[in-house]
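Open the model in your viewer and keep the sequence panel beside it. Shall we walk through it together, one selection at a time?

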Amino acid sequence: MDDLLQEFIAETRETLEALSGEIVAWESAPADRERLDSIFRFVHTVKGSCGFLDLPRLARLSHAAEDVLAAVRSGERTPDTRLVNAVLAIVDRVGEIVEAIDAGHALDDTGEDLLIAALDTGSEAIVTSAAPVLRAPTRSVRLNVDLLDRMMSGMSDMVLARNELARRLRDEGVDPTIEAALERLSLTVAEMRDTVTRTRMQKIEALFSALPRMVRDTAAELGKTVALHIEGSDVELDREMIEMMRDPLVHLIRNSIDHGLEGAADRRSAGKRETGWLSVAARQSGNQIVIEIADDGRGIDTARLCEKVVAAGLRTESALRAMSEQARLELVFEPGLSTKDVVTGISGRGVGMDVVRANVEQIGGRIELANAPGKGLRISIHVPLTLSIMSTIGVGVRDQRFAISRQTIEEIVRVGAESIRIDRLGDTMMATVRDRRMPLVDLGNMLGFGPRDPAMLVIVGVSGGSYALAVDTVLDHEELVIKPAAPAVMATNIYAGQTLPDSGLPMLMLDCAGIAQLAGLVFTREIVAEDDAATATPGVQALLFDDLDGVRRIVPLSVIDRVEPVPATAIRYAAGRLRLSVDGAIIPLVALGRWEAKASVSVLRLRDGSVELGYAIGEALDIVELPDTLVPAHDSGPIAGVVAIDGEQIEVIDLHWLFSTHADPNAAADAPLCLLEGADSAWLTTFLRPVLEAAGYRVTTTLRPGETAGVIVTMDGEGAPTSRVAPVVRLRRDPESDGIDGSIFRYDRPGLLAALAKTAGGR
Amino acid sequence: MPLFLIAQVAGRTVAIESSQVESVVDIGAIIPVPCSERHVRGLAALRSRVVTVIETRAALGLPEGDGTGMRAVITIVDGHHYAMLVDSLEDVAPFDLIPLSAGIVLDSGWLRVGRGIIERDGEPILAIELNALIPGIAAAA
């Protein structure tokens with residue numbers, strides 16, 4: 001966090017310096033749109049950064065200034081001198097606070113309310129007195145990346161010079177003391193190279209580590225719960241790239257939480273888990289780094305988006321109709337557009353997506369959207385690998401060497417080893433590695449070296465599937481700086497880039513995806529995989545837990561509403577079964593072991609859509625993917641069967657049995673509604689109501705607006721029912737009359753229930 | 001008067017304007033690039049850089065030479081370094097570029113690269129544009 005704060009301070013300070021000219025210019029020409037935009041962008045960025053750095057004062061100031069500037073941008077306010085002064089006062093104060101944070105001394109916050117109040121229309125003009133700013137000595141230096149580039153290039157020259165020197169000395173056969181000196185030089189050079197390389201490279205973790213906190217805070221602000229899933233933190237990326245990716249990533253994640261993920265209630269009614277799912281993953285794909293942000297929220301409503309675009313006057317309706325669905329989706333990148341009606345502190349000012357795309361494109365990247373309306377949105381940011389250090393494996397074909405990105409390699413096997421087969425199907429080569437069959441591409445043949453029997457197989461994974469690449473030799477592992485090759489070389493589609501390893505001889509890096517394409521490999525799984533990813537549901541997730549009786553069991557996550565600890569006193573054996581009082585209601589509880597001795601018991605609150613059930617457990621362990629293969633249980637009961645997870649036998653809870661055996665039938669919200677009517681309703685409510693509820697009806701004495709009764713129960717001799725909206729079951733007091741009028745004796749329980757069931761279709 | 005580098009390419013004398021020339025070097029080992037176009041000879045290391053070596057004869061659409069020439073003119077196009085193989089280098093001197101005389105039509109390969117002529121002691125020399133020899137760029141030029 002300290003690093004981030006330092007960076008924020010340095011960045012803000014730098015922007016402020018650059019902005020000072022703009023501010024003065026804006027002061028003299030308040031109508032200048034460009035100046036206004038750059039000041040607006042500044043306060044917006046400060047606001048965004050403050051959100052996740054937890055700097056409430058700065059956030060408040062910048063939010064206030066942004067509001068006013070947004071109003072000016074939309075033409076609601078005119079930028080008069082007073083307004084300009086007020087905004088400038090805030091920008092000054094932001095600078096002061098930033099310096100104070102850096103120096104670590106407190107800054108009096110009186111007057112900040114005044115600053116904010118001064119933004120309002122009709123307020124008095126304020127006089128700003130620039131306080132003497134105390135600057136702390138900086139501990140870090142911000143360097144121009146060009147300088148690092150030159151350092152890197154000089155370093156490579158040095159390595160090559162050392163190599164040449166070593167070669168010459170070896171040829172000459174010099175005395176050992178010189179060799180020892182050279183050895184020392186080599187070590188220093190190697191160390192130096194690592195350091196210089198590191199100045200440019202950073203694990204993407206530097207970017208991801210701030211996310212959990214940011215997601216938590218953003219979600220909390222919006223009253224949502226979000227489960228964040230981070231993958232690929234150890235992918236390395238050029239430092240400059242990381243810097244450039246920070247803002248876009250923050251924007252996109254905030255957008256996902258704010259616009260994408262629904263509130264708990266909406267999610268429940270859409271049949272989703274209450275907790276939103278958000279995944280941020282980085283991976284290397286060929287010569288690109290892909291950062292994916294996926295959520296299982298509502299996706300983008302293109303119809304609504306189009307309305308907005310038309311309303312904002314950016315496009316005409318007919319132009320939109322001519323567009324493809326994907327093109328309409330891309331409209332989210334249109335400048336000056338917000339799909340959110342309510343402006344929140346998080347996002348939704350239309351400054352987001354267009355700036356995001358501009359930033360990504362600036363570094364030669366692109367953004368792809370995969371939208372599944374109602375199910376989620378997946379945003380992929382592709383950025384080039386340029387200057388990224390790659391971990392590679394060298395392979396030899398005849399007398400030439402190539403590099404393959406280590407990340408794409410699944411495994412390397414030697415032909416002739418046991419369980420490795422190479423067969424020909426027609427003229428197509430196929431490899432069988434253990435039990436996996438996969439296509440085989442002979443690299444030597446593809447590169448035009450003429451056929452030779454494969455010696456080694458490098459199994460590479462590309463999007464959609466894997467294939468075996470036949471090479472002659474597998475050499476060493478090397479960390480290389482890969483740069484794009486000339487267009488004429490890249491046009492072959494075989495190479496991902498070029499590099500200069502320590503040998504001093506240029507080497508090409510293979511593009512495994514391109515090779516697969518060139519070889520005509522078709523992976524049908526590809527499309528399916530796309531769909532899967534689009535809906536963003538990674539298999540059946542299930543909760544692994546230790547049950548009260550010590551047995552390890554598993555239950556699908558989708559049915560769990562939440563897991564919470566309850567005091568043991570909330571659990572009672574009452575009215576014939578175990579019940580839990582929670583949130584002012586009583587729900588049936590299932591416990592497969594002893595809970596009495598505990599002070600507090602963890603309870604899974606299970607829900608099948610309408611009915612709720614508690615399940616007491618010992619301890620929740622982990623969320624795992626539920627294996628497909630289930631060995632059924634011997635007898636029906638709370639256990640459906642057993643699955644193997646990591647070689648351990650895990651019992652799977654039988655949800656069907658659980659709900660059919662234990663759930664209260666009357667908890668169902670869709671049970672038939674039984675209206676009790678008549679003056680004698682005291683008997684009806686006191687005597688009859690529990691009977692009806694136990695039988696699975698919802699019972700009421702007055703209909704609320706919007707409710708319709710499934711059946712009306714009334715007592716004979718009370719007069720005709722007031723409403724005739726539902727079938728009527730009439731009861732009589734006299735047991736002897738044999739019901740010629742269709743009425744039923746009020747203590748004839750079976751008869752009464754049968755009649756109700758017949759009329760209302762009850763249970 | 002611009003400076004021109006006088007060189008022998010494919011047995012002909014040509015002039016290259018010095019603004020196109022980054023340096024003149026002797027290329028070391030060339031690593032071939034399988035599957036690339038014929039005129040991409042391969043890659044070579046130039047200090048800490050990788051340069052793409054262009055077989056100038058092939059780029060001109062002429063039959064390939066013996067492939068022993070290692071002298072090259074380095075030019076930078078779109079941030080990429082290219083080494084254009086030449087037979088030999090003769091001279092660097094300032095000349096005036098004058099348009100091709102009316103009626104003279106260059107044959108195929110030369111037509112693309114010819115930009116005019118310079119006159120050295122009464123001998124006309126074809127001035128060429130290196131960009132036009134580079135595959136991928138040539139198409140756009």
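**Before you start**

This is a predicted model, in which local features need pLDDT of at least 70 and side-chain atom pairs count only at pLDDT 80 or more, while totals for chains, interfaces and linings use all residues. Residues are numbered from 1 along each chain as its sequence is written, chains are lettered from A and ligands numbered from 1 in the order in which they are written, and side-chain values use heavy atoms, with hydrogens and water left out.

**Stop 1: a sheet in chain B**

Select chain B and color it by strand. Five strands make an open sheet in the order β3-β6-β7-β5-β4, with mixed pairing. Strands here are DSSP runs (E, at least two residues), numbered from the N terminus, and two of them pair if DSSP finds at least two bridges between them. At the edges of the sheet are β3 (23–26) and β4 (40–46) of chain B; each has a single partner strand, so one side of each has no neighbour in the sheet.

Now pick residues 49–54 and 80–85 of chain B. These are β5 and β7, which run parallel and are joined by three bridges. Zoom in on V53(B), and you will find A83(B) of β7(B) opposite.

**Stop 2: where the chains meet**

Show both chains together. How many residues of chain B are in contact with chain A? There are 19, and they touch 25 residues of chain A; contact means heavy atoms within 4.5 Å. The two chains bury about 1,800 Å² between them, 71% of it on carbon and sulfur atoms. Buried area is the accessible area (1.4 Å probe) that two parts lose on being put together, summed over both.

On the chain B side, β4, β5 and β7 each supply at least two of the touching residues, and β4(B) gives the most, with four. The residues on this side divide into 13 nonpolar, four polar and two charged. Across the interface the rule finds zero salt bridges; a salt bridge is a side-chain nitrogen of Lys or Arg within 4 Å of a carboxyl oxygen of Asp or Glu.

**Stop 3: a six-stranded sheet in chain A**

Move to chain A and look for the order β10-β14-β15-β13-β12-β11: this is an open sheet of six strands, with mixed pairing. Its edge strands are β10 (409–414) and β11 (420–425), each pairing on one side only. Select 456–462 and 465–471 to see β14 and β15 of chain A, which run antiparallel with seven bridges between them. Within this pair, G461(A) has S466(A) of β15(A) as its bridge partner.

**Stop 4**

Next, select 560–567 and 600–607 of chain A. These strands, β21 and β25, run antiparallel and are joined by seven bridges, with V563(A) opposite L604(A).

**Stop 5: a salt bridge in a helix**

Finally, show the side chains of R93(A) and E96(A), which meet in a salt bridge (3.4 Å, N to O). Both lie in helix α4 (residues 81–103) of chain A, three residues apart, about one turn of the helix. Over all chains, the count comes to 32 salt bridges.

Definitions and conventions:
Ala, Val, Leu, Ile, Met, Phe, Trp, Tyr, Cys and Pro count as nonpolar, Asp, Glu, Lys and Arg as charged, and the others, Gly among them, as polar.
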